[in-house]
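Here are some notes for a colleague who is opening this structure for the first time. Please read them with the model in view.

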Amino acid sequence: MISPNLKETFKELDINDKKNVVSRELILIGEFVKKMKEHYGLESDFDIKNYDVNTETNEDDYLLFIYEDIFEIEKQLISVLSRME
């Protein structure tokens, strides 16, 4: 669970900074998944995109951008779980 202080700090960010934080967190999760795949001898041939706060992106495009990364992480986790079994 997220700490109240961290949650409050996030809430105080402007929308573009929030988008940037979410993108960085997904990149970090992607790196964890890559380490897991390497540990189990699986190829780590995927990338999580980095949201560029300096580009003009409407909400629909941003949500699609993030959804694609979440879907990719899920797919990669399934491959790791399959190897673990």
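1. E59 is partly exposed, having a relative accessible area of 42%, where partly exposed covers the range between buried (under 20% relative accessible area) and exposed (over 50%), with a 1.4 Å probe and protein chains only. This is a predicted model, in which local features need pLDDT of at least 70 and side-chain atom pairs count only at pLDDT 80 or more, while totals for chains, interfaces and linings use all residues. Residues are numbered from 1 along each chain as its sequence is written, and side-chain values use heavy atoms, with hydrogens and water left out.

2. E59 forms a salt bridge (a side-chain nitrogen of Lys or Arg within 4 Å of a carboxyl oxygen of Asp or Glu) with K19, and the closest N and O atoms are 2.9 Å apart. Because E59 lies in helix α3 and K19 in helix α2, the pair ties together parts that are 40 residues apart in sequence; helices here are DSSP runs of H or I, at least four residues, numbered from the N terminus. K19 counts as buried, at 5% relative accessibility.

3. The structure holds 6 salt bridges, including one between the side chains of E31 and K34, at 3.8 Å from N to O. Both residues lie in helix α2, 3 residues apart, about one turn of the helix, and together with D47 they are linked in a network of salt bridges. E31 is partly exposed at 40%, whereas K34 is buried at 14% relative accessible area.

4. The side chains of K49 and E68 also meet in a salt bridge, at 3.3 Å from N to O. This pair links distant parts of the chain, with K49 in the loop between α2 and α3 and E68 in helix α3, 19 residues apart.

How values were computed. Helix = DSSP H or I, 4+ residues; strand = E, 2+ residues; numbered from the N terminus.
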